[in-house]
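Take a walk through this protein model, one piece at a time. Keep the sequence and the 3D view side by side as you read.

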Amino acid sequence: MIDALQLKDNLVTVNVSGTVDRDDWQKVTDLVNEALQQHDRVSVLVDLTQLDAFTGGAVYEDTKLGITNLGSLDRFDKIAVLTDKQWLERGAQLAEKLVPGVDVRVFDTADTQQAQQWVTDAA
């Protein structure tokens, strides 16, 4: 489920817990699309420390977001991922390789302030 979802300036902040399904992730993709309409560059801070699982529908929504915004990927500035789960860390690292030009960094759950500072610092 989505615990918190916010757009402030050009930063989308997402906190999730438990199982994230298609409807949950649709809210995230809607906010990211709204941010892209309002700002030239968008950064994202995703806190996945309490995540248990993504459903197939959530993965579909995330993939659809990437495909829909294929021509706008250069408008993503930074993506900070907070997690202590290795599978999510590997997924974030793979995403960075698949989307050149987007700076993706994974932060340990104890480094929340460092992640917030990094993602909000001007590029």
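Phe-54 is partly exposed, because its relative accessible area is 27%. Here buried means under 20% relative accessible area, exposed means over 50%, and partly exposed lies in between, with a 1.4 Å probe and protein chains only. The model is predicted: local features need pLDDT of at least 70, side-chain atom pairs count only at pLDDT 80 or more, and totals for chains, interfaces and linings use all residues. Residues are numbered from 1 along each chain as its sequence is written, and side-chain values use heavy atoms, with hydrogens and water left out.

Which kind of aromatic pair do Trp-25 and Phe-54 form? The structure holds two aromatic pairs. The pair of Trp-25 and Phe-54 is edge-to-face, at 5.4 Å centre to centre and 85° between the planes. Trp-25 lies in helix α1 and Phe-54 in strand β3, so this pair ties together parts that are 29 residues apart in sequence. Trp-25 counts as buried, at 8% relative accessibility. Now the other pair: the rings of Phe-107 and Trp-118 have centres 5.8 Å apart and planes at 50°, so this pair is tilted. Phe-107 lies in strand β5 (residues 103-107) and Trp-118 in helix α4, so parts 11 residues apart in sequence are tied together. Phe-107 is buried, with a relative accessible area of 7%. Trp-118 is buried too, at 11%. The rule for pairing uses rings of Phe, Tyr and Trp (its six-membered ring) with centres within 6.5 Å; planes under 30 degrees apart count as stacked, over 60 as edge-to-face and the rest as tilted.

Next, helix α1. Helices (H or I, at least four residues) and strands (E, at least two) are DSSP runs, numbered from the N terminus. Helix α1 has 17 residues (22-38); at 1.5 Å a residue it should span 24 Å, and its end C-alpha atoms are 24 Å apart, which agrees. The expected span is 1.5 Å times one less than the number of residues. Among the buried residues of α1 are Asp-24, Trp-25, Val-28 and Leu-31. Seen down the axis, the buried residues of α1 fall within an arc of 160°, so they line one face of the helix. The arc is that of the directions from the helix axis to the C-beta atoms. Asp-23 and Gln-37 are exposed, on the face of α1 turned away from its buried side.

Helix α4 can be read in the same way. Ala-115, Trp-118 and Val-119 are buried in α4. Down its axis, these buried residues fall within an arc of 90°, so they line one face. They pack against β2 (11-20), β3, β4 (76-82) and β5. The face turned away carries the exposed residues Gln-113 and Thr-120.

Strand β3 (residues 42-54) also holds Ser-43. Is Ser-43 buried or exposed? At 2% relative accessibility, Ser-43 counts as buried. Leaving out residues up to four places away in sequence, Ser-43 touches Asn-10, Leu-11, Val-12, Asp-77, Lys-78 and Val-119. Contact means heavy atoms within 4.5 Å.

Finally, confidence. The protein chain averages a pLDDT of 87, and 93% of the residues score at least 70. pLDDT is the predictor's confidence in each residue, from 0 to 100. Confidence is lowest in helix α2 (residues 56-68), at a mean of 74, and highest in helix α4 (residues 112-120), at 95.
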